[in-house]
Amino acid sequence: MKLKSLALTSVFVLAAGIAHADVTVDVLSINRDSATWKQLYEDIVAEYNAAHDGVTVNVEFMEDESFKQKLPTLLQSDAAPDLFFSWSGGVFYEQADQGFLRALDDATVAAWKEELSPGGMAALSYNGKYYGAPEASQNVAIWYNKDIAAELGVDPSAIKTYDDLLEMVKVAKAANVTPFTVGGQDKWPLHFFYSMLAMRIMGQEGMAASAAGENGGFANEDWVRAGEEFVKLVELEPFQDGFMGVKYDQATGIWGDGGSLFHLMGDWDLGASRAAASDGGLKDEQLGVIPFPAIEGGKGKITDTLGGASGFVLTKNAPDEAIDFLKFFMGEKAQKRAASEGIYIPTVPSASGLVEDVVLKQFANIGGASTYHQLFLDQYFGSELGGVINDVSAQLATGDVTPQEAAELLEETRAFQ
Amino acid sequence: MLVSEGVAAAPPRESAFQRMMANGQLKMVLIFVPPAILIFTVFVILPMIQAGLFSPYKWSGYGPVPWALNEDTGRTFGRWIGTTNFERMMSHSAFKQSLVNTLLVIGVSIAIQLPLAMTLALMIYRSSRINTVFRLIFFLPYVMAEVATGLIFSFVLDGNYGLSRSFADLMGWEKAFFPLAEKPWAFYCILGVIVWKYFGFHMMIFIAGLQSISSEVLEAAKIDGAKTLQSVFLIKLPLLWPSITISVFYAVLGGLQVFDLVMPMTAGGPSNSSHTLVSYLYNFGFIRLNIGFGSAVGVFLFVVGVAFAFLYRNTVQRGQ
């Protein structure tokens, strides 16, 4: 009896759905911890739903780690979302390669490139096909604590070369100040050092050649030199005590409490360190930002940037309405609001000038002047090789591998892929 | 009496089956055995077979199985690579380290944890109120969830605000000690926590064993003039042999499975020096989307576990 009525009800519900030709677009995002970011999503969705009869957009949020773990299963099930958040890089390539994503048609791509960031769209493309729209731009740079720099009598903004940086690290060490805080247990904060040095040494072409397995892949003198330069820094013992037992969240809290002169981290650290610090973190006027310095004889430029390129991509069964919504969701209006409210640094070119936050503005400028934007290496090279990059970065920092061994380990993993 | 009369009255050729029919045992078997077999098959046997089948593939975990054809791409989801996963595993330094670490866990469990548990059991096995209190205290660490224990100790051993800091301040040291960040110490800290957490469990096994030793035997020994140590080594321990073999069995199989303590304490670091076999499997198999490789590690773990259980049952525990 009960079953029968249940079946009847569902028939009615289905019939009602068909009658209104309702289309539901399900969006799966990672958690947006900042209230303003979440609010932005909710407002955009509400606005879109109000303006489009017969289309209902639902946004769901999931914590980062469970998102990563559930997504592979979710994509293969009937409960797959129509749009989902992507960090791009190796995992995204795998999803595209296995046919789980819906590619945009050429006309749409051409139209979107007019308004959205072509570079960001390229990050969400694979084998010449485009799968989504970019959202925030993320860049890694060296933060410095102006108060500590003043006490030490140094000016980090004068740093132009890696040797300058090493000199300043020595000054800090001599004055008993921790040069860098780093969350070594997470490994990826350490991989920024190795990545940045590799980029400055080999430049864009060298990196592309490594990825393609040319010039010995990773087992070449450039990668060995990147390791050697990193070891030069490591030998000065630049990190806080016990850095290998600390995760990023704690480390950025130490930095926010004034624990070190420098911090090599992305723009997102502004909010993160203030949330993790014990008394609200460093104020705008205490914070300085410089790009990672150039290296002598290196082919990379100081204006080459390392960072993220995240956005939302379409799954293979996504309806056309999802494409329309995606354009609105990641579009100019939303990104301009994000820029002016300081929620994130937008990728849409017309919005980047609107960033008002004095600190984020410096990152927007670094991103705007970028001569070559490299996706985080641990994502760019996929989860396996990327994982090994994180491993060897940590091992170089603890002195467990030589630069030569690190390069060989990377090449061995690449060759296996 | 009744039963034996029934058997005598029945025809001489009555089979075991008929006997079970007659006394209702068959009904019990039919009710209880199929669900158990079904659950065991679905949750234990099938995943084991699956891991074995996945292990010769390079597979990211997308698609139902690595050999299935992906209609969207016209290729299979995974790629057959034969024994490569096993070869890579065997030559991987982090795997070797995790194997050494797992052996260390087993060694420490047997050489330190069990003697400690035995000593305490001998001290508090007699029934008395104060002994009950001690048993409860010693057993408490075992009751706590592993992940919670790991988190608690990651705070305790933290050099910024943990006990490690207080200890350094107390001693007047300028620098606090960060044991979980130091390669030589990280895994020993985990070993310490393992001993602390599980000795109570083995102690309970020994207490149960000690309580089942007949007091007459002990009294007789006492009358014959046996000293305390003599009665421990010549009477109690030999009579406890079955309990000890069970404890060792649990210690070894438990040692092969250590995972939940490692993740919150060190996550396998620094530099992959504190992985156990299971945390290695999880990190290099699942986190890095390499299900075929993870399956290969799983197969290795399974073979080691089964080989041990089989050998142990047929040698040490033979006849028990």
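How far apart do the C-alpha centres of domain 1 of chain A and domain 2 of chain A lie? They lie 30 Å apart.

## Before you start

This is a predicted model, where local features need pLDDT of at least 70, side-chain atom pairs count only at pLDDT 80 or more, and totals for chains, interfaces and linings use all residues. Residues are numbered from 1 along each chain as its sequence is written, while chains are lettered from A and ligands numbered from 1 in the order in which they are written.

## The two domains of chain A

Domain bounds here come from an automatic or database domain assignment. For chain A, that assignment gives domain 1 as 2-136 + 307-373 and domain 2 as 139-306 + 374-416. Where the two meet, 25 residues of domain 1 of chain A and 26 residues of domain 2 of chain A take part in the contact. (Two residues are in contact if their C-beta atoms, placed from the backbone, lie within 7 Å.)

On the domain 1 side, α4, β9 and α16 of chain A are the elements that give two or more residues, and α16(A) gives the most, with 7 residues. Helices (H or I, at least four residues) and strands (E, at least two) are DSSP runs, numbered from the N terminus. That domain 1 side divides into 13 nonpolar, 11 polar and 1 charged residues. In this scheme, Ala, Val, Leu, Ile, Met, Phe, Trp, Tyr, Cys and Pro count as nonpolar, Asp, Glu, Lys and Arg as charged, and the others, Gly among them, as polar.

## A closer look at α16(A)

Helix α16 of chain A spans residues 358-368, and its buried residues are Val359(A), Leu360(A), Gln362(A), Phe363(A), Ala364(A), Ile366(A) and Gly367(A). A residue is buried if 20 or more other C-beta atoms lie within 10 Å of its own, exposed if 12 or fewer, and partly exposed in between, with C-beta atoms placed from the backbone. What covers those buried residues includes β6 (132-145), α12 (269-276), β8 (287-290), β9 (305-314) and α15 (349-352) of chain A.

## Where chain A meets chain B

Each chain puts 23 residues into the contact between A and B. On the chain A side, α3 (64-76), α4 (90-97) and α18 (382-398) each supply at least two residues, and α18(A) gives the most, with 7 residues. By class, this side of chain A has 6 nonpolar, 11 polar and 6 charged residues.

## The largest nonpolar core

A nonpolar core is a set of buried Ala, Val, Leu, Ile, Met, Phe, Trp, Tyr and Cys residues joined through C-beta atoms within 7 Å. The largest one holds 171 residues, and Leu326(A), Leu410(A) and Ile190(B) touch the most other members. Helix α9 of chain B (residues 183-211) brings the largest share of this core, 13 residues.

Take Leu410(A): leaving out residues up to four places away in sequence, it touches Phe218(A), Trp223(A), Leu385(A), Val388(A), Ile389(A) and Val392(A).

## Chain B: domains and a helix pair

Now for a pair of helices in chain B. The axes of α5(B) (residues 93-124) and α11(B) (residues 228-256) come within 10 Å and cross at roughly 145°. Axes are lines fitted to C-alpha atoms, for helices over the stretch in contact, and angles run from 0 to 180 degrees between N-to-C directions. The residues that meet include Ile106(B) and Leu122(B) from α5(B), and Val232(B) and Val248(B) from α11(B). By class, this contact has 10 nonpolar, 5 polar and no charged residues.

Val232(B) is partly exposed, with 15 other C-beta atoms within 10 Å. Setting aside neighbours within four places in sequence, Val232(B) is in contact with Leu122(B) and Leu237(B).

## Two positive phi angles in chain A

Asn127(A) has a phi near 50°, a positive value in a residue other than glycine. Asn127(A) sits in the loop between β4 (125-126) and β5 (129-130) of chain A, and is exposed, with 8 other C-beta atoms within 10 Å.

Glu237(A) also has a positive phi, near 50°. Its place is the loop between α10 (221-234) and α11 (248-256) of chain A, and with 13 C-beta neighbours inside 10 Å, Glu237(A) counts as partly exposed.
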